[in-house]
Amino acid sequence: MSVHAAAESAPDGTPAAVSAAAACAASATAPGASAAAACAASATAPGAAAAGACAAGASGLTVAVVGLGYWGPNLVRNLYELPQVAAVWGCDLRQERREAIRRRFPATALTSSCEHVLADPAIDALIIATPISTHHDLAAAALRAGKHVFIEKPLAASSEEAAALIELATHAKLVLMPGHTFLYSPPVTLIRSFIESGDLGEVYFISSSRVNLGLHQQDVSVAWDLGPHDFSILRYWLDETPASVSALARSCILPTVPDVAFVDLEYASGAVAHAELSWLAPSKLRRTTIVGSRKMIVYDDTATEPVRIFDSGAALRDPTSFGEFRMTYRTGDILCPHVDAVEPLACELDDFCSAIIEGSMPRSSAQLGLEVIRTIEAVDASLARRGARVDIGQVSLSA
Ligand SMILES: NC(=O)c1ccc[n+]([C@@H]2O[C@H](COP(=O)([O-])OP(=O)(O)OC[C@H]3O[C@@H](n4cnc5c(N)ncnc54)[C@H](O)[C@@H]3O)[C@@H](O)[C@H]2O)c1
């Protein structure tokens, strides 16, 4: 919190009389630098700059979080830790949510009106943490107003909307980044480097369970709510979009909102994956098994040792006589590598700021966000065809 100039919080519903310029003077050198340093792994892709470097970065960015419900306060908290951020705004239609932010982060400028945020030239970027159905319209308005945009997962409510946002951002040379937080989770990045190095061998299959009791959403299915986590992780690990998807789901509590889904994914490389997604389970599971030709990994996001690497496998032995069939099984050491204790959200927002200031491509790119949405749309298409296998290439942008 010390990063920030003490801004006056205005009465509810009106933008605070925050001089963004004054707040910006507060600093690029404030504490909180440690979080950013820990996240230095951001994926800078030369020649693939997401947007032009932002002059505002020199004095610190002014960032507005739109949507202060369940997730928004986490974004506000992390912004206060980032040295690149000089001032934070909060915007929510509901007074009680603005009050909650005022109590925890008194320096935050608060408003009920997104128009106020869009009209203020001192605000460099918007972070959108509102319900999915509102993502496109809010983000499109922000991009048209010249603001960089970070949108909580998923990027939009359809691939058509996502593609339109990408076009707007590209044309305006602004950063558009979906919030796929797990791409910044230390266990996930560790596993990616393990796969990339070849230590795991060929990836045979991946199986994940993301289940717990609640929070039931009323407007989107469990595939749209929890699916983006697994589909973005799979995309990041395997470096490919699934070729086809088949799914089974049931609406157990709300009649038209599936709260459990079993999704099978096939990849051109030969890898297959299964994701179990549910808001209805007696206990919380965040467990993924990755089976490779050389080793196997169990990633349990709820465990104190989240990554365990098993030197285990099976192989067909060379036959010594005609018709012989003999297997060898290997159960070797189990390694629990050290995993950095950094908050993924801090790394993700650091990557967003770097994209704005340096023009780098964020690891959670808009294109990846679009591919995640196409995967979810393929899930919906499969459900509409009673679990038939759907080729993702056949799901049109207007599906
Ligand atoms: N990355 C993650 O791990 C993670 C976790 C939870 C939620 N999310 C995402 O965050 C987003 C929000 O989810 P949530 O659970 O916080 O929802 P929520 O319903 O708790 O909060 C949304 C807030 O947005 C406000 N709002 C809606 N329209 C608005 C507008 N036009 N202007 C200003 N405020 C507006 C609402 O009043 C509400 O307070 C979703 O996209 C969700 O998928 C991400």
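Colleague: Which residues come nearest to the ligand?
Modeller: In this predicted model, G67, G69, Y70, W71 and E152 come nearest, out of the 23 residues around the ligand.

Colleague: And how does that shell divide into nonpolar, polar and charged residues?
Modeller: The residues of the shell around the ligand divide into 11 nonpolar, 7 polar and 5 charged.

Colleague: Switching to the sheet, what is the strand order?
Modeller: The sheet is open, with 9 strands in mixed pairing, and the order runs β14-β13-β12-β11-β7-β10-β9-β8-β15.

Colleague: Which strands stand at the edges?
Modeller: Those are β14 (327-335) and β15 (390-391), and because each has a single partner strand, one side of each is left without a neighbour in the sheet.

Colleague: In what sense do β12 and β13 pair?
Modeller: Strand β12 (residues 296-300) and strand β13 (residues 307-316) pair in the antiparallel sense over 4 bridges, and I297 has I309 in β13 as its bridge partner.

Colleague: What lies across those strands?
Modeller: Helix α8 (residues 186-196) lies across β12 and β13 as well as β7 (203-211) and β11 (285-292), running at about 170° to β12. Helix α12 (residues 366-384), for its part, lies across β8 (244-250), β9 (260-266) and β15, at about 60° to β8.

Colleague: New topic, at what angle do α6 and α7 pack?
Modeller: Helix α6 (residues 135-144) and helix α7 (residues 159-172) pack at about 10°, with their axes 10 Å apart, and they are therefore roughly parallel to each other.

Colleague: Which residues meet there?
Modeller: From α6, H136, A139, A140 and L143 meet E161, L165, L168, A169 and A172 in α7, and the residues of this contact divide into 7 nonpolar, 1 polar and 1 charged.

Conventions:
Residues numbered from 1 in each chain as written. Predicted model: local features only at pLDDT ≥ 70, side-chain atom pairs only at ≥ 80, totals over all residues. Axes fitted to C-alpha atoms, helices over the stretch in contact; angles between N-to-C directions. Helix = DSSP H or I, 4+ residues; strand = E, 2+ residues; numbered from the N terminus. Parallel < 35°, antiparallel > 145°, perpendicular 65-115°, else oblique. Contact = placed C-beta atoms within 7 Å. Nonpolar A, V, L, I, M, F, W, Y, C, P; charged D, E, K, R; others polar. Near = placed C-beta within 6 Å. Pairing = 2+ DSSP bridges.
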